[in-house]
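Let's walk through a structure together, one feature at a time.

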Amino acid sequence: MFQTRITEMFGIRYPIICGGMFWVGRAELVAAVANAGGLGFMVGATFGEDLDALRAEIRKARDLTDGPIGLNINLFPAVRHQPIEEWAQLAIQEKIPVVETSGRSPEGIVQALHEGGVKIMHKVAGVRYARTAERVGCDAVAIVGYECGGHPGLDMVTSLILVPLCADAVSIPVVAGGGFADGRGLVTALALGADAVLMGTRFMATQECYGHPAWKEYLVKAAESDTAYVMRTIGNATRVARNPLSDKVLEMEARGTTIEELIPVITGRPNAAFEMGEVEDTLASVGQAVGLIRDIPTVQEFFDRTLEQAVQVRERLDRIVPRAAPDWLLSALGSKKSAPA
Ligand SMILES: Cc1cc2nc3c(=O)[nH]c(=O)nc-3n(C[C@H](O)[C@H](O)[C@H](O)COP(=O)(O)O)c2cc1C
């Protein structure tokens, strides 16, 4: 049950992955996801150049679970220096089984990670980048659509289109992200050709996720239309909670701003929402899946209900979609052979 190429490759019970989330995705969340049978990623960038703090967080997660702990290595352009090679070495030393990379091709660290026994799932927002991930030797590719929290890429194409295109384009396992938040999403991801679903926004509204209670309450109340897609014009598109600051950034972009003019505006109070629950004056990553969040369960409760709902969806589909091609379809196809699965 629920066995896919990803559950086999990553050694997990269920094809449910919690993507790396800067600042909020810490030991408690990643361990809770592992205990529930999935895989979660801690983010190197949360700790910047403080490698000891990252190592301590990984070990803290290890104390909370015997399951796999993943590490996200962010390759996005950043204002501050990012110790990418050091994060990769730390993943090897700490025997991290899977690294999630994102932002640009991980080609430079693929060989070292593989030699150190680490698998690589590269996260992309376009099919051409998925092909590159396969070409440079990644073990799996995660593809996220326009609706996702974090970085949806520049093409503005939704997951519903990207996932099947990606599954057709590469032969390595595909993980579907962006807009998924429940058991319907899990079955949909698998139906579209993915070997697992990846969620971020939904996992932010769990008991174990780091974050101010007011921020989590905001996630429960926010609607699917309460996000904004900002910074596309400077090539670093991000989906965030819509507020006066995101409106201001969009206005600046509409009149043709520069990166230099934007930087002081966008780097003002980076973690005010997560730390203090202040949502009005900060750019906090959130996906459109926020509209599907109605409560703040534990990760275990979320897994239980997601898996149960997935089974219910299957039962519903069994009543609607025939398991074998009916006679009328076979004769319409002019063949006695069953249609391809
Ligand atoms: C608060 C937040 C922070 C994130 N930080 C990162 C990050 O540091 N690196 C990364 O690769 N993806 C990051 N993401 C993206 C997630 O890993 C994941 O791809 C995305 O949330 C999936 O779409 P969804 O939000 O619709 O579930 C972040 C997402 C959120 C919501």
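Q: Which polar backbone atom lies 3.1 Å from an oxygen atom of the ligand?
A: A polar contact is a pair of N or O atoms within 3.5 Å; within protein, one must be able to donate a hydrogen and the other to accept it, and residues adjacent in sequence count only if both atoms are side-chain atoms. Here, the backbone atom belongs to Gly149.

Q: How much of the ligand's accessible area does the protein cover?
A: Accessible areas come from the Shrake-Rupley method with a 1.4 Å probe, and for residues only the protein chains shown count as cover. On its own the ligand has 600 Å², and the protein covers 97% of that.

Q: Before we go on, what kind of model is this, and how are residues numbered?
A: It's a predicted model, where local features need pLDDT of at least 70 and side-chain atom pairs count only at pLDDT 80 or more, while totals for chains, interfaces and linings use all residues. Residues are numbered from 1 along each chain as its sequence is written, and side-chain values use heavy atoms, with hydrogens and water left out.

Q: Which of the 22 residues around the ligand come nearest?
A: A residue is near a molecule or strand if one of its heavy atoms lies within 4 Å of it. Of these 22, the nearest are Gly20, Ser102, Lys123, Gly200 and Thr201.

Q: And which helix and strands each supply at least two residues of that shell?
A: Helices (H or I, at least four residues) and strands (E, at least two) are DSSP runs, numbered from the N terminus. In this case they are strand 3 (69-74), strand 8 (196-199) and helix 10 (201-204).

Q: What about Thr46, buried or exposed?
A: Thr46, in helix 3 (residues 44-47), counts as buried because its relative accessibility is 11%. The Thr46 side chain reaches the backbone nitrogen of Trp23 at 2.9 Å.

Methods
Buried means under 20% relative accessible area, exposed over 50%, partly exposed in between (1.4 Å probe, protein chains only).
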